[in-house]
Amino acid sequence: MCTRSQQLYFDSILTSLPVRGSRLGSKLMAVFEIYLDESGIHEGAKICVVAGFYGKYSEFRKLENGWCKVVAGLPDGDFHAHQFFARDKYSERVGPYKGWSDKAADAFMDGLVKSIRKSYVRPVRAYIDVEEFNQRSLDERVWLTFGVRSDAKWKTTGSPIRPHSVYYSPFESCVTEYFQRRAKRGSVLNAFYDQNTDIKAHLQEMWELFQKKNPHWADKCGPLFPVSRKKVKIVQAADLLAYLSHDHLTAGSPECRRVLRAIVGRRPHIFALDKHGINIALQDFVPPRRKMANGNPSIARADAKRRKH
């Protein structure tokens, strides 16, 4: 029953998208998908991770079916990684996992991992050092948040001073990996994210700005869709990978490390936007003659106020 309802819901979303096997002129259009989630956009976070999976339409339907079977016993079939790995002051599991033995929990997680591995979707991960990002100049942060420039001035201001600004570059890195490694001629990429994310209001803007910054890929970008994690459960898999990746870079718990290794397997790569990575991202950047502080004094004042705090 779960699998059937999942498919009906997902098909209703895809009515406005190019479906698998659509024709583009005389050729079949290949439909690919990417599901992303984030960890570390809260106040005081030292790093921001964006992670998820990309692959073929058929691969994600296989993941959907397998994942749904494993989480069927949870309330609303809703898996949250932070809740699964959390412990109370007595080192006991919490929420719907309260009272579970380690054996039961391991079997549950192994089921989730197997559903990912058997589907052949590709993991993709990127993180940014929040402090390193915030120390960059205003013009550099405009560029890193999809600002568009001419030789003379900034055409768009990007998002250099808002709390979610750190999301842009790792988001771009994840989508870029798909286009560099998997995109095919005549294909389209449909993107999905959890509709309850804290940065929901900004993701559509990011998707549009990504296409403006990368016009050579714009015709291969389909829509960006918010979806319910209770109905399109693939979003839960992205949540798991984002959580594990953030934990690995910060707390580093042995349990999370084991699960992460099982998921990424021989693809452990993560785009690192640390000091060195940001320098690489900026290596071809030349600010316009009219810098942001001169072209948009209100942003410059807000940035100066932010730095004081």
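This is a predicted model: local features need pLDDT of at least 70, side-chain atom pairs count only at pLDDT 80 or more; totals for chains, interfaces and linings use all residues.

Student: What makes a space a cavity, and what makes it a pocket?

Tutor: Both are found on a 1 Å grid over the protein atoms alone. A cavity is a set of points where a 1.4 Å probe fits but cannot get out, whereas a pocket is an open set with protein on both sides within 12 Å along at least five of seven lines. Grid points are joined across faces, edges and corners, and a volume is the space filled by probe spheres set on the points. Searching the whole structure gives one cavity of 30 Å³ or more.

Student: Which residues line the largest cavity?

Tutor: Its lining is made of L36, Y167, F171, A191, F192, Y193, L203 and L224; a lining residue has an atom within 4 Å of a point. Strand 6 supplies the largest share, three residues. Strands are DSSP runs of E with at least two residues, helices are runs of H or I with at least four, and both are numbered from the N terminus. In this chain there are 14 helices and eight strands.

Student: How do you know how many of those lining residues are nonpolar?

Tutor: Ala, Val, Leu, Ile, Met, Phe, Trp, Tyr, Cys and Pro count as nonpolar, Asp, Glu, Lys and Arg as charged, and the others, Gly among them, as polar. By that rule the cavity lining has eight nonpolar, no polar and no charged residues.

Student: What is the lining of the second largest pocket like?

Tutor: That lining has nine nonpolar, seven polar and three charged residues. The second largest pocket holds about 490 Å³ of space. Of its 19 lining residues, E172, S173, T176, L273 and A281 lie nearest the centre. Two or more residues each come from helix 6 (138-144), helix 7, strand 8 (271-273) and helix 12 (275-281), and helix 7 gives the most, with five.

Student: Why is C174 called buried?

Tutor: Buried means under 20% relative accessible area, exposed over 50%, and partly exposed in between (1.4 Å probe, protein chains only). C174 has 0% relative accessibility, so the label buried applies. C221, at 12%, is buried by that rule. Buried residues make up 50% of the 309 residues in the chain.

Student: What makes E33 and R61 a salt bridge?

Tutor: The rule asks for a side-chain nitrogen of Lys or Arg within 4 Å of a carboxyl oxygen of Asp or Glu. For E33 and R61 the closest N and O atoms are 3.2 Å apart, and the pair is a salt bridge. E33 sits in strand 3 (residues 30-39) and R61 in helix 2 (residues 57-71), so the bridge ties together parts 28 residues apart in sequence. E33 is buried at 0% relative accessible area, and R61 is buried at 8%. The structure holds 16 salt bridges.

Student: How do you know that R229 and D194 are joined?

Tutor: Their side chains meet at 3.3 Å, N to O, in a salt bridge. R229 lies in the loop between strand 7 (221-227) and helix 10 (234-249) and D194 in strand 6, so the pair links parts that are 35 residues apart in sequence. Bridges with shared partners join D78, D194, R229 and D239 into one network.

Student: Where is D239, and what does D239 touch?

Tutor: D239 is in helix 10. Contact means heavy atoms within 4.5 Å, and beyond its neighbours within four places in sequence, D239 is in contact with D37, F79, H80, A81 and R229. At 12% relative accessibility, D239 counts as buried.

Note on methods:
Residues are numbered from 1 along each chain as its sequence is written. Side-chain values use heavy atoms; hydrogens and water are left out.
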